[in-house]
Amino acid sequence: MPEIKVLFVTSEIAPLIKTGGLADVSGALPAALRNLNIDVRVLVPGYPQVMKQMGPSEVVATFSDLPGFPASRLIFSIMKSGVPLLVLDCPDLYQREGGPYMDPATGHDWADNHLRFGLLSKIASVLGSFESTLSWRPDLVHGNDWQTGLTGVYLSVAAGAVPNIMTIHNLAFQGNFRPKKVGLLHLPPESFHINGIELYGNMSFLKAGLYYAYHITTVSPNYAREIQGEELGFGLQGLLRSRNNDITGILNGIDTGEWDPETDRHLPEHFSVGRMAGKAQNKQALQSRMGLEVNPDVPLLAVVSRLTHQKGLDLLLEIVPRLLELPVQLVILGSGESSMQQTARDLAQEYPGKIAAMIGFDEGLSHQIEAGADMFIMPSRFEPCGLNQFYSQRYGTPPIVHNTGGLADSVVDCNQDTLRDGTASGFVFSGMTTDNLFAAIQRAVELYRDERKWKALRRNCMSKDFTWETSARAYRRVYLKVLGRTE
Ligand code: ADP
Ligand code: GLC
């Protein structure tokens, strides 16, 4: 008998559909929870990418008369990881080419996102109440980010509703819509209130999620504190402060099967902490693939990221001429804001052989970069957790990070003391200025020139434990607390 049954609701899940770290978490955390005897099933929209890749399946429910929503059905399937999936098939809302959130034709969000993710939340509430026709009933619904934010509102008026928790992966994305959508989504009118789903005159999916959840988690302890302040609270700090006792920060783990330099299927050569020769070969292969000068001695810096204001890469692009004098090489893989994409492309053209930029999303290349680079750069203005700093450490590529969010919780700045006690695992800078970023990169390059110390640093990085197990145990404690059970 499973100890707890959990419906995990998400708008993306690796390897089926991914735009960022939420997909990685949704792909790995449920499996880790299942290892703890928690029966987790994942509810995800039936985008074309999911429908095509989901494997053998069976229709388990249909919903033809939910007020305000087109007809939909629920399809059961099992992921390669063994995690059961409930795919929400609604062709009117999800069966279209493009990303999960954005219309590629306009570059804007899908105009019916309130319905797309309103339905996801609605079905989560149906499955978590007496409205469900499934024999499997969760004890608790676990939502993620604004796309699942209305779940708690719908549950609040459903008969036989189970409790729900909400995980914040990024407070900057809130799913705010004009108030008239409240009626279109058939939400209780009284919920449009400061003590409810209203946020500065609009309806907010995320605010709703945070207000109605029994418990809130976020993806690092440091971010759990930061979001209760003015600077990173994005207008929700008041609500979050008032719920201070119901917020837990749980650092993400990583999928150490997918991200393992000893077995990674994307790499030309494998390596491990005891056999590092393969790393040099990955560097050579990466330099050659990206059109960089093949040179084992020049430090190769890397970026794999969404190119948005959050990630702070504007600072890095600004100091490129100074960096090249160190000297270093730089490889960038990313997509996002068009001005930043253009700057990256222009720099690659201006400095051939020294800078390479690949604009787009490429899973295989992201692994090759982690393996082939010497240092990984994350100057994020804010970072709820961040995953690439974990991947970098595991691949012996010390990260250079801004002192914020989960980056501060997962990278130990390299100095004499931390090198000596074996905890150093990267370079952390405080204060978002080009000079501070430059100084951190300069420190890294200096250490790189000291072979013995660099080896020690890489060894520390690669020896750290980033498995999901510890985090899964922390989620289990939250579930038990919400259900009023003791350990
Ligand atoms: P966020 O979710 O804010 O984008 P994270 O660091 O948590 O940041 O996760 C980002 C994930 O997306 C990582 O797995 C990273 O490797 C991946 N990623 C980001 N951009 C790209 C890209 N252009 N190509 C391939 N993978 C990418
Ligand atoms: C969000 C955050 C990122 C975090 C990821 C997974 O996309 O921006 O910091 O790692 O979610 O939790």
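Q: How does the shell around ligand 1 divide by class: nonpolar, polar, charged?
A: This is a predicted model, and in it the shell around ligand 1 has 8 polar, 6 charged and 5 nonpolar residues.

Q: Which residues come nearest to ligand 1?
A: Of the 19 residues around ligand 1, the nearest are G21, D24, R306, K311 and G360.

Q: What polar contacts does ligand 1 have there?
A: An oxygen atom of ligand 1 lies 2.8 Å from an N or O atom in the side chain of K311, while a nitrogen atom of ligand 1 is 2.7 Å from a polar backbone atom of G360. A nitrogen atom of ligand 1 is also 3.0 Å from a polar backbone atom of D362.

Q: And how much of ligand 1 does the protein bury?
A: Ligand 1 taken alone exposes 560 Å², and the protein buries 93% of that.

Q: Which elements give two or more residues to that shell around ligand 1?
A: Those elements are helix 1, strand 15 (300-307), strand 16 (329-336) and helix 15 (388-394), and strand 15 provides the largest share, with 3 residues.

Q: Where does ligand 1 lie relative to the domains?
A: Ligand 1 lies between domain 1 (4-253 + 468-482) and domain 2 (277-462), because both give residues to the shell around it.

Q: OK, on to ligand 2: how many residues surround it, and which are closest?
A: Ligand 2 is surrounded by 14 residues, of which H169, N252, E383, C385 and G386 are the closest. By class, the shell around ligand 2 divides into 6 nonpolar, 6 polar and 2 charged residues.

Q: What are the distances from the oxygen atoms of ligand 2 to H169, C385 and G386?
A: An oxygen atom of ligand 2 is 2.7 Å from an N or O atom in the side chain of H169. On the backbone side, an oxygen atom of ligand 2 is 3.0 Å from a polar atom of C385, and an oxygen atom of ligand 2 is 2.7 Å from a polar atom of G386. The protein covers 93% of the 310 Å² of accessible area that ligand 2 has on its own.

Q: Which element gives the most to the shell around ligand 2?
A: Helix 1 (residues 21-34) gives the most to the shell around ligand 2, contributing 3 residues.

Q: Changing topic, which residues form the aromatic cluster?
A: One aromatic cluster is formed by Y101, F117, W146, F177 and F205.

Q: And how many aromatic pairs are there?
A: The count comes to 14 aromatic pairs. Among them, Y211 and Y212 form an edge-to-face pair, with 5.2 Å centre to centre and 75° between the planes.

How values were computed: Residues numbered from 1 in each chain as written. Chains lettered and ligands numbered in written order. Predicted model: local features only at pLDDT ≥ 70, side-chain atom pairs only at ≥ 80, totals over all residues. Heavy atoms only, no water. Near = heavy atom within 4 Å. Polar contact = N/O pair within 3.5 Å; in protein donor to acceptor, adjacent residues only side chain to side chain. Areas by Shrake-Rupley, 256 points an atom, 1.4 Å probe, with all protein chains shown as cover. Helix = DSSP H or I, 4+ residues; strand = E, 2+ residues; numbered from the N terminus. Nonpolar A, V, L, I, M, F, W, Y, C, P; charged D, E, K, R; others polar. Phe/Tyr/Trp six-rings, centres within 6.5 Å; stacked < 30°, edge-to-face > 60°. Domains from an automatic or database assignment.
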